[in-house]
Amino acid sequence: MAIKQAAGRFLGVICCLFWVSTVATASSLSYELTPRLIAKDTWLLQGKLEDFSRDNGANIVNTAFIVTSEGVVVIDSGPSKRYAQAFRSAIASVTDQPVTDVFITHHHPDHFLGNQAFSDVNIWALPTTGRLIAEQGNVFAENMYRLAGDWMRGTEVLMPNKPLEQTAMTIGDHRFRFLSLEGHTGADLAILDETTGTLFAGDLVFYQRALTTPHTPGIDQWLTDLDKLAALEVALIVPGHGPVDAKGKSIEQMRAYLVWLDKTLTQAAFEGLSMNEVMKIPTEPEFADIALTQYEFIRTVFHLYAGYEEAAF
Amino acid sequence: MRTFPAILVLLCLCVPMAAWSQVNNELITQASHNDTERAEQADPLNSPVWHYLRARFLGESPYQFDDRVVVSVPPFAEDPTQVPLLVDVSAIDEPLLRLVVWADLNPIQHIYSVESADRHLPRIAIRFKVQQATPVRAAVLTESGKWLVGGQYLEAAGGGCTAPSMANASPYWESHLGEIESRSFERAMNSGRSSQRYKVKIIHPMDTGLVSGIPEFYIQQLEVRRPDQAAILSMELSQPVSENPVFTFDMSSASVTAQDRYKLWMRDNNGNVFEQAL
C-alpha cells in the first residue's frame, strides 16, 4: 500500500513538473535587450551583475556597438545564439546601417558564443584568442548549456574568421586603436575608439562585480595591463562586466582588489594555510559593495593558490 | 495534443522505478534487521549509496553522525581535479583508532584512511579528484568501537577522475617523479595548545586508471616515521588523491617533541619508494 501511494505521489509530481515545464517553455525565453546610448554613435547592452544562471540566460556581460558612417562595429557577440539574434534586432532598432565588423575581446564563452548570428560579417580576434577558442570553446559551450539550459539552444562554437594583427583601424568616421594585453586570459583585446574616447576594456576591467581568474597568467601581469589602460586618454571606460565609468574608478577598484588578493594569498602561503582555510578568509569591507566578491574569491583560491604555495615551500 | 505521448512515456518510466524502489527498500530493511542494536539514523546528506558504503567501509559496527567530525570542502568544485578537503576530528576527546574518508558518488569512493600510533589523529588537508557532485564523508573509529561520521555535500560539474593528468601531456614528471618539498609551521590550535604543521608536496601523476590507455599509477602508502623507523602516522591513499599531492598535517604537541626529526616515507603502486626528512 505504502509503495503504491508513493508511486502515485511520484507520478503526480512528475505530471506537475511536466506541466510546469510546458508552461515555462510556452513563455518564450527572451533577453529583452535595450540599447543605451553612452557616447556619440555608441550603444551599450549592459548585463546583470550575476553569475550564469537559467534565470538570466547568461546575460551577465556587457556588449556594445558603434554606428559608424560605413557600418556598425560590434564589441563581443554575447553568451548564446539566441542572445546574439536579439542583439542584431536591437541594432536594427536604432540604425539601418549594416553590421560590418565584430571584435571579440577574449575567449571566454559569454563574449563569443553569439558568433553564429554574425557569420555574415568579419569576426576579429587576437590570433591567440582564436587558438584558445579552438582549444577550449567546446568545453565552455557544454558548460554553458549546463548553467543556462534552454537559453543556449542551437548555440555552437563559431571561430573568429579574421586574426587581428593591426594596432589601429579606421572604419567609416571612427578611428580605433587596439591593445593586445594578457592579464585576464593570456590574450585580451582592449579597444579604444579614439573618435569618442570610449575604452572597451573587455574583462581586463570589472566594475562593481568581482573579477574572475580562471585563465589569468598572474596578478602581476594584470596590474601591468591596468597601468597601460590607466595611461590612455579616455573619456569613458566600458568594463566587460558592470556599469560604465567616466572617472577611472573602475581601474582603481580593480587595482585595490588585485593588490589585496596578491597580499592575502602570499601571506596565507607563508603561514602554511591549507586551501580550505584560505577560502574562509573574509574579503575586506571596502569590497563589500562589489557583487559576488566572496564567491569569486573562493574560485580564485582554486585557480591561483597552488602557485603561491609553491613559492612558499 | 503533443503532450499525450509524452505522458505515456512517463507512465512507462514510472512503473520500473516504483519496482526498483521496492527492491531497494527491502534491501535496506534487511540490512537494518541484521543489527537490531544499531539505531538507524537517517543520513543527513540523503545519499542513495549511504547504506552500501557504510557497510563497505564501517562494516556492521555501530555508528553515529557527529558534528565533531568536521569535513571541510568548498561549496563547489571549481577545479574537479584539485578539490581541497580538510578533515578535523580534534574536538573529539578520546583515543581514535582509525579515520576513513570517501566520496559517495565517485567511481572510486575511497580517498584515504589513516591511523596514528598515539591514537591522536592530526588535522589533515589534501586535495582530491571528483567525478560528479557528491557527499564527502569522514568516519572515525573510537576506542569504544563506535564510528563517528561527518560529511559535507560538494557541488561539482565533475569529470575530475576521467581527465588525463597534466603529467600525461608533459614529460616534466618523468625526470622529477618523487621530488618532495616540505616545510613546517608553528600553529596555534583552538584549544590554546600549539601544534606543528607539516606541509608536503610530491611530484606524482596519481593516474586513476580511468582514462583510456593510461594505467593507474598512484601513491598507495604514506608514513610519518620517527628516527627509529617506527611509524607514528600511516595513511592508505587511493586513486582520487590529486596529482602532485599536497598534504598538510597538524601534529599536536602531544605527538611532537623538539628533538624528533621525522621522516616521510611513501610508496606507489609500482613499488617506487620516496623518502624525505621533514
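Axes here are lines fitted to C-alpha atoms, for helices over the stretch in contact, and angles run from 0 to 180 degrees between N-to-C directions. Helices (H or I, at least four residues) and strands (E, at least two) are DSSP runs, numbered from the N terminus. The model is predicted, so that local features need pLDDT of at least 70 and side-chain atom pairs count only at pLDDT 80 or more, while totals for chains, interfaces and linings use all residues. Residues are numbered from 1 along each chain as its sequence is written, chains are lettered from A and ligands numbered from 1 in the order in which they are written, and side-chain values use heavy atoms, with hydrogens and water left out.

In chain A, the axes of helix α6 (residues 249-270) and helix α8 (residues 293-312) come within 9 Å and cross at roughly 50°. The two helices, α6(A) and α8(A), are therefore oblique to each other; angles under 35 degrees count as roughly parallel, over 145 as roughly antiparallel, 65 to 115 as roughly perpendicular and the rest as oblique. Contact means heavy atoms within 4.5 Å. Among the residues that meet are Tyr257(A), Trp260(A) and Leu265(A) in α6(A), and Phe297(A), Leu304(A) and Tyr308(A) in α8(A). By class, this contact of α6(A) with α8(A) has 14 nonpolar, 3 polar and 2 charged residues. Ala, Val, Leu, Ile, Met, Phe, Trp, Tyr, Cys and Pro count as nonpolar, Asp, Glu, Lys and Arg as charged, and the others, Gly among them, as polar.

Helix α6(A) also packs with helix α5 (residues 219-230) of chain A: their axes come within 10 Å and cross at roughly 160°. Helices α5(A) and α6(A) are therefore roughly antiparallel to each other. Contributors to the contact include Trp222(A) and Leu226(A) of α5(A), with Met254(A) and Leu258(A) of α6(A). Its residues divide into 11 nonpolar, no polar and 3 charged.

A cavity is a set of points on a 1 Å grid over the protein atoms alone where a 1.4 Å probe fits but cannot get out, and lining residues have an atom within 4 Å of a point. The whole structure holds 4 cavities of 30 Å³ or more. The largest cavity contains about 70 Å³ of space, a volume being the space filled by probe spheres set on the points, which are joined across faces, edges and corners. Strands β3 (63-68), β11 (198-206) and β12 (236-241) of chain A each supply at least two residues of its lining.

Technical notes: On a 1 Å grid over the protein atoms alone, a cavity is a set of points where a 1.4 Å probe fits but cannot get out, and a pocket is an open set with protein on both sides within 12 Å along at least five of seven lines; lining residues have an atom within 4 Å of a point.
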